[in-house]
Amino acid sequence: MKTVAALLLVGMLIVWTELPTGSAWSCPPVRVTCARPNPPNRCYSSQQCPPNHKCCQSSCGRRCISRPFSPSLNYG
């Protein structure tokens, strides 16, 4: 019985770590493609970027971009 409880706890922890935190944001869509056949990448993963930046596909290779500005709505 203790084994079942331990496995259930581990499963719940795995699911909990995979849940979005609410601060996640996705890369913007690329609307223009590069004319170069093999454009250089400035990053390969978000760990190579400064804080609050993400490694995203741009119009010509991958680069670190900052989080898009989202105005907060304050009423009154």
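**Notes on the disulfides**

1. Start with Cys34 and Cys60: these two form a disulfide, with sulfur atoms 1.9 Å apart. Cys34 sits in the loop between H1 and S1, while Cys60 is in the loop between S1 and strand S2 (61-66), so look for partners 26 residues apart that link distant parts of the chain. Cys34 is partly exposed because its relative accessibility is 24%, and Cys60 gets that label too, at 30%. Keep in mind that this is a predicted model.

2. How many disulfides turn up in a search of the whole structure? Four. Count the bonded cysteines along the chain and the pairing reads 1-6, 2-7, 3-5, 4-8.

3. Next, Cys27 and Cys56, another disulfide, with 1.9 Å between the sulfur atoms. Its S-S torsion is about -75°, so this one is left-handed. Cys27 belongs to the loop between helix H1 (2-18) and strand S1 (53-58), and Cys56 to strand S1, so the bond links distant parts of the chain, 29 residues apart. Cys56 is buried, at 2% relative accessible area, whereas Cys27 is partly exposed at 31%.

4. Then there's Cys43 with Cys55, joined by a disulfide at 2.1 Å from S to S. Is it left-handed or right-handed? Right-handed, because the torsion about the S-S bond is about 95°. The bond ties the loop between H1 and S1, where Cys43 lies, to Cys55 in strand S1, 12 residues apart in sequence.

5. Finally, the rings: the whole structure has zero aromatic pairs. Trp25 does have Lys54 over its face, though, 4.9 Å from the ring centre.

Notes
Residues are numbered from 1 along each chain as its sequence is written. This is a predicted model: local features need pLDDT of at least 70, side-chain atom pairs count only at pLDDT 80 or more; totals for chains, interfaces and linings use all residues. Side-chain values use heavy atoms; hydrogens and water are left out. Rings of Phe, Tyr and Trp (its six-membered ring) pair if their centres lie within 6.5 Å; planes under 30 degrees apart count as stacked, over 60 as edge-to-face and the rest as tilted. A charge sits over a ring if NZ of Lys or CZ of Arg is within 6 Å of the ring centre and within 35 degrees of the ring normal. A disulfide is a pair of cysteine sulfur atoms within 2.5 Å. Helices (H or I, at least four residues) and strands (E, at least two) are DSSP runs, numbered from the N terminus. Buried means under 20% relative accessible area, exposed over 50%, partly exposed in between (1.4 Å probe, protein chains only).
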